[in-house]
Amino acid sequence: MRITSLHVAYLALTTVGCVELQYAAAPTDRPEVTDASDVAIAMDARDVRDVPDVRDVPDVRDVPDVSVVTDVRDVPDVPDVPRDVPVDMPVGFEPTVVTLQSATASFSQPMYEVTHAIDSNPAGGQGWGIAPPGIGAVSEESAVFEFMSTTPASTNGTRVVITMVNNVAGFRLASFRFALTTAARDQFANGLVSGGNLGLPGIWTTPLTFVSAAATNAVTIAYDAGAFLTSPGMTASTYTITLDVTASQLTGLRLDAIRNPAIPGGGPGNGMGNNPGNFIVSDLQVSVSRRP
Ligand SMILES: [Ca+2]
């Protein structure tokens with residue numbers, strides 16, 4: 001092959017390029033290897049200009065766990081509320097059923113234990129009665145029930161709607177009183193259907209405000225000084241009683257059956273016969289909402 005000037009120029013260019021590459025790949029401050037003893041030094045040598053300044057490396061102990069960091073753009077603006085303070089019941093809070101439990105009474109008629117008042121079975125005979133053994137008038141008796149869940153906090157108070165089903169004609173509870181409490185559940189309602197723990201009187205002093213009372217089957221309900229008295233008559237009836245309390249976070253309900261001479265048998269129920277004043281409360285239900 002004849003070497004032309006073009007070949008010479010090409011060789012010159014590639015030679016220059018190789019030289020430049022060799023210079024680029026060989027930093028001038030790298031220790032020069034002059035003999036075998038210098039090889040170890042050369043192998044350990046690093047271009048210190050490429051090593052990050054360790055003073056700038058964050059201490060990993062100070063770095064937050066990124067797995068729990070959320071994109072702050074997605075985090076809603078949360079009010080600064082301590083964790084153990086319940087959120088207030090919102091305006092318009094829908095009436096919510098409160099589950100009753102640990103039915104407890106001062107006395108229950110055998111077969112008509114107070115537990116039947118919250119067994120979700122409103123059938124007539126499945127209720128709370130208080131007839132004593134044998135023949136004789138009944139005494140005033142009381143029952144208490146725990147709320148399975150404490151009702152929501154509400155700075156405005158709580159509206160309580162109580163539904164009492166009396167499904168046995170001639171055995172309506174006609175004279176009674178309700179009370180509510182915020183006491184701890186271990187202070188009342190030990191589940192005994194007779195001789196049960198009703199709690200100290202002081203836990204049932206939550207002030208109540210009467211709102212309304214309605215009843216089915218043309219029964220009317222009068223309210224006076226904390227007590228309810230229904231109109232005479234033997235018909236079965238379901239009562240709907242609405243009360244307001246300034247308290248919230250309620251834990252229980254008390255029902256007192258109270259004697260009243262206005263009732264033919266003397267009350268509290270309108271039962272006659274062997275046990276005047278007896279009644280059968282077939283079912284009790286409670287719902288709560290924010291006090292308007
Ligand atoms: Ca029942």
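A nonpolar core is a set of buried Ala, Val, Leu, Ile, Met, Phe, Trp, Tyr and Cys residues joined through C-beta atoms within 7 Å. A residue is buried if 20 or more other C-beta atoms lie within 10 Å of its own, exposed if 12 or fewer, and partly exposed in between, with C-beta atoms placed from the backbone. The model is predicted: local features need pLDDT of at least 70 and side-chain atom pairs count only at pLDDT 80 or more, while totals for chains, interfaces and linings use all residues. Residues are numbered from 1 along each chain as its sequence is written.

**View 1. The protein chain has two helices and 11 strands.** Helices (H or I, at least four residues) and strands (E, at least two) are DSSP runs, numbered from the N terminus. The pattern along the sequence is α-α-β-β-β-β-β-β-β-β-β-β-β. Of the 292 residues, 32% count as buried. Two residues are in contact if their C-beta atoms, placed from the backbone, lie within 7 Å. Among contacts between residues at least 6 apart in sequence, 73% join residues at least 24 apart.

**View 2. The largest nonpolar core holds 51 residues.** Leu100, Ala117, Trp128, Ala143, Phe145 and Val281 touch the most other members. Several strands give two or more residues to this core, including strand 2 (100-105), strand 3 (141-147), strand 4 (158-166) and strand 11 (283-290).

**View 3. Trp128 and its contacts.** Residues up to four places away in sequence are not counted here.

**View 4. Strand 5 is largely enclosed by the rest of the structure, because five of its seven residues are buried.** Two strands pair if DSSP finds at least two bridges between them. Strand 5 pairs with strand 8 (residues 227-230) in the antiparallel sense, over three bridges. Strand 5 and strand 10 also run antiparallel, joined by six bridges. Phe176 stands opposite Phe228 in strand 8. Phe176 also stands opposite Ala257 in strand 10.

**View 5. Gly196 lies in the loop between strand 5 and strand 6 (208-215).** Gly196 has 22 other C-beta atoms within 10 Å, so it is buried. Leaving aside neighbours within four places in sequence, Gly196 is in contact with Thr104, Ala105, Ser106, Asn190 and Gly191. Gly196 and Ala105 are 91 residues apart along the chain, yet 5.3 Å separates their C-alpha atoms.
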